[in-house]
Amino acid sequence: MKADIACIPCILNFCLRTLNFCNVDTKQKEKLFREVIKEMANFSLEQTPAALADTATRIIKDSTGIDDPYRDEKKRQNEMALKLYPIMKEMVKHSENRIKTAITISAIGNIIDLGAQSDYNIENALQDLDRIRFAKSDLTDFLKNLEVSKTLLFIADNCGEIIFDRVFLEELPGIKKFVAVKSGPFINDVTIQDIEGTGVEKIARIIETGTSNLEFNEEDTSKEFKEIFNSADIIISKGHANFEALHGRGKNIYFLLRAKCDVVSKVIGVKTGDFIFKRF
């Protein structure tokens with residue numbers, strides 16, 4: 001997906017939230033903002049929004065020396081979601097359509113995204129489960145593919161959210177599952193360190209993307225990730241940022257997300273705030 005001019009102020013807001021987590025003073029914030037703005041001036045909108053975010057993050061990391069400013073928040077998100085896990089499992093157990101309920105729970109988890117927003121109420125969203133509808137859904141197509149497929153690659157998104165994804169993945173017992181996570185920290189994205197203790201490691205083989213970047217450049221991703229990405233019978237890309245990075249790559253990927261901005265909503269053909277499970 002190509003970037004849009006509207007992505008630039010969004011990136012600057014993300015930078016401010018990240019700097020607040022870094023506890024830097026006002027003068028350093030101003031200096032970093034000027035560096036980011038300078039880089040934005042030379043940025044090509046032919047690149048993805050993910051590449052734009054990678055550039056801004058690199059500047060912050062290099063200047064502050066703080067590699068993982070969201071470490072404590074990520075731990076808190078996983079702990080919060082694990083407390084909700086038994087409730088979510090009961091929702092699936094008592095539903096008329098287990099797989100539909102489970103994938104809706106996974107989609108609700110995409111609300112947990114500190115890159116796009118800092119305020120959310122996940123428990124309220126779960127209470128609205130029965131009222132949530134997908135604006136676009138290829139679930140029927142997915143279930144047909146599932147019957148004839150042997151391998152599934154799930155490209156994970158955020159901490160906390162990954163527990164919601166676990167509920168969905170546990171409803172897919174007849175297929176070999178790979179879950180791809182980042183090799184290093186990026187906002188609250190789940191990493192190889194964060195995945196331990198989530199329970200996902202017990203139901204799927206965990207692989208690393210080989211990078212902390214949002215962008216999936218051929219030269220940066222690991223050999224294992226590339227092999228599985230190119231050979232998996234089914235690929236599910238979870239979340240808003242992964243959509244920005246992977247849409248238009250020429251692969252038949254199922255994108256599972258909540259559209260959080262007008263730019264992505266326009267590309268998909270939905271309203272901002274809508275939930276989507278769509279193959280592109």
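The side chains of K89 and E170 form a salt bridge, with an N to O distance of 2.8 Å; a salt bridge here is a side-chain nitrogen of Lys or Arg within 4 Å of a carboxyl oxygen of Asp or Glu. K89 lies in helix α4, while E170 lies in the loop between α8 (161–169) and β3 (176–181), so the pair ties together parts that are 81 residues apart in sequence. Helices (H or I, at least four residues) and strands (E, at least two) are DSSP runs, numbered from the N terminus. K89 is partly exposed, at 24% relative accessibility. Buried means under 20% relative accessible area, exposed over 50%, and partly exposed in between, with a 1.4 Å probe and protein chains only.

The model is predicted: local features need pLDDT of at least 70, side-chain atom pairs count only at pLDDT 80 or more, and totals for chains, interfaces and linings use all residues. Residues are numbered from 1 along each chain as its sequence is written, and side-chain values use heavy atoms, with hydrogens and water left out.

**Salt bridges**

The salt-bridge count is 19. Three of these pairs are listed below.

| Pair | Closest N and O distance |
|---|---|
| R76 and E73 | 2.7 Å |
| D68 and K74 | 3.3 Å |

R76 and E73 are three residues apart in helix α4 (residues 71–93), which means that about one helical turn separates them. The two partners fall into separate accessibility classes: R76 is partly exposed, with a relative accessible area of 41%, whereas E73 is buried, with a relative accessible area of 16%.

In the pair of D68 and K74, both residues are buried.

**Cysteines**

A disulfide is a covalent bond between the sulfur atoms of two cysteines. The criterion applied is a pair of cysteine sulfur atoms within 2.5 Å, and the resulting count is zero disulfides. C22 is in no disulfide, and the nearest cysteine sulfur, that of C15, is 10 Å away. C22 is buried, with a relative accessible area of 7%. For C159, the closest cysteine sulfur is that of C22, and the separation of 16 Å is too far for a bond. C159 is also buried, at 0% relative accessibility.
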